[in-house]
Amino acid sequence: MAISIYPITGNFAAEIGDVDLSAPLEPVEIGAIKRAFWDYAVLIFPAQNLTEQQHLDFAAHFGPLETSVAALNTKARLRLRADLADVSNLNSRNEIWGEQSRMRMLQLGNRLWHTDSSFKFLPARASLLYARQIPPIGGHTEFADLRAAYDALPDEMKRRLAGLVAEHSLANSRLRTGFTNFTEEERAGLPPAPQIVVRTLPENNRKSLYVASHAGRILGLPDEEGRALIDRLIAHATQRQFVYTHRWRLGDLVMWDDRCTMHRGTEFDDLRWTRDMHRATVSDIANSCEQERVAAA
Ligand code: OGA
Ligand code: MN
């Protein structure tokens, strides 16, 4: 049976029906999903029932899988395998985390607008977040369309941004939330990464902003000026007309294009309700500067 596509917004988010992601997919189904993914940038697959392996197998259709940054801390006991990012409020014993827990402090950064793994030299191409348990209130995820945000910039700003490179680091976004408590191992594993500020998506030739709270400065600009420009672009891109808010249902798998979207989690009472999400993440094909053929230094 052919998949069905139900747009939620004109050209940013769509629901995909008539597909069971737990079963092997036909090449025509994968082809149709990929086309929808490039047209939109956020796809929602409702009412899925996936094992961890089935979730990862579906993600692997889109490229090689990333290892979660949590695995960099070899002393931490992980609840999930290293190729799944644990986006829950649970500790390794499956209990709701403590108010002062390190995981909680670290994950606060997910409330800031960001795109996944832009702090890695080889960033993420796509993220696939699967809802295993959701709170009855709050805990939504908002998505911003960075292609539409780019299109809406004045020509003068587009000219100013052409060829600019920003330096992204997990420490930058965590500093914004007050978290500085990285281990030496984590620091060494996460050196700052250069990323282009405006990129072109090869599948449809659309241009997109590529910014996030992980960005700290812009190469060649005074720190303050670069930081102010990044903040201004994030504020521009997250205006209401560019944003889709996803209200989770149990069993939703939501997949987004990290190259041309930002997202953030909204608040919920994380000391009261369990929110258990698993994220599979697909790597991009190369660093964003390399893809634009811009020198990254
Ligand atoms: C993520 C993320 C936000 C949320 O999974 O990458 O940022 O709402 N999630 O859980
Ligand atoms: Mn994220």
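This report walks through a predicted model, from its sheet and cores to its metal site and a few loop residues.

Residues are numbered from 1 along each chain as its sequence is written, and chains are lettered from A and ligands numbered from 1 in the order in which they are written. In this predicted model, local features need pLDDT of at least 70, side-chain atom pairs count only at pLDDT 80 or more, and totals for chains, interfaces and linings use all residues, while side-chain values use heavy atoms, with hydrogens and water left out.

## The sheet

Let us start with the strands. Helices (H or I, at least four residues) and strands (E, at least two) are DSSP runs, numbered from the N terminus. Two strands pair if DSSP finds at least two bridges between them. Seven strands make up an open sheet, in the order E1-E2-E3-E13-E5-E15-E4, and its pairing is mixed. At the edges are strand E1 (4-7) and strand E4 (85-86), each of which pairs on one side only.

Strands of a sheet pair through backbone hydrogen bonds, either parallel or antiparallel.

| Strand pair | Sense | Bridges |
|---|---|---|
| E2 and E3 | parallel | three bridges |
| E3 and E13 | antiparallel | four bridges |
| E5 and E13 | antiparallel | five bridges |

Leu 43 in E3 is the bridge partner of Ala 14. Leu 43 also stands opposite Met 255 in E13. Further along the sheet, Tyr 130 is opposite Leu 253 in E13.

Which residues cover the two faces of E3? Val 42 and Ile 44 lie on one side, Leu 43 and Phe 45 on the other, and all are buried. Here buried means under 20% relative accessible area, exposed over 50%, and partly exposed in between (1.4 Å probe, protein chains only). In a regular strand the side chains alternate between the two faces of the sheet.

## Two nonpolar cores

A nonpolar core is a set of buried Ala, Val, Leu, Ile, Met, Phe, Trp, Tyr and Cys residues joined through side-chain atoms within 4.5 Å. The largest one has 29 residues, and the members touching the most others are Ile 33, Leu 43, Phe 45, Phe 58 and Leu 253. Among the elements that give two or more residues to this core are strand E2 (13-17), helix H1 (27-39), strand E3 (42-45) and helix H2 (52-59). H1 gives the most, with six residues.

Take Ile 33 as an example. Not counting residues up to four places away in sequence, Ile 33 touches Ile 3, Val 19, Leu 25, Leu 43, Phe 45, Phe 58 and Phe 62, where contact means heavy atoms within 4.5 Å. A second, separate core has 23 residues, including Ala 144, Met 157, Val 198 and Leu 233.

## A helix with a buried face

Helix H6 (residues 170-177) has Leu 170, Ser 173 and Arg 174 as its buried residues. Seen down the axis of H6, these fall within an arc of 95 degrees, so they line one face of the helix (the arc is that of the directions from the helix axis to the C-beta atoms). The buried residues of H6 pack against helix H3 (102-107).

## The manganese site

Which protein atoms are the donors of the manganese ion (ligand 2)? They are His 114 (NE2), Asp 116 (OD) and His 263 (NE2), lying 2.1 to 2.2 Å from the ion. Donors are N, O and S atoms within 2.8 Å of the metal (3.2 Å for Na, K and Ca); water is not among the atoms, so sites may look incomplete. Along the chain, the donors follow the spacing H-x1-D-x146-H. His 114 and Asp 116 are both buried.

## Loop residues

Ser 117 lies in the loop between H3 and E5. Is Ser 117 buried or exposed? Ser 117 counts as buried because its relative accessible area is 4%. Its contacts, leaving aside neighbours within four places in sequence, are Glu 66, Leu 122, Pro 123 and Ala 124.

Most residues other than glycine have a negative phi, and most peptide bonds are trans. Ser 117 has a positive phi of about 60 degrees although it is not a glycine. Asn 205, also not a glycine, has a positive phi of about 60 degrees. Asn 205 sits in the loop between strand E9 (198-200) and strand E10 (207-209), and counts as exposed at 62% relative accessibility.

His 61, in the loop between H2 and E4, is partly exposed at 34% relative accessibility. His 61 touches Ile 30 and Lys 34, not counting residues up to four places away in sequence.
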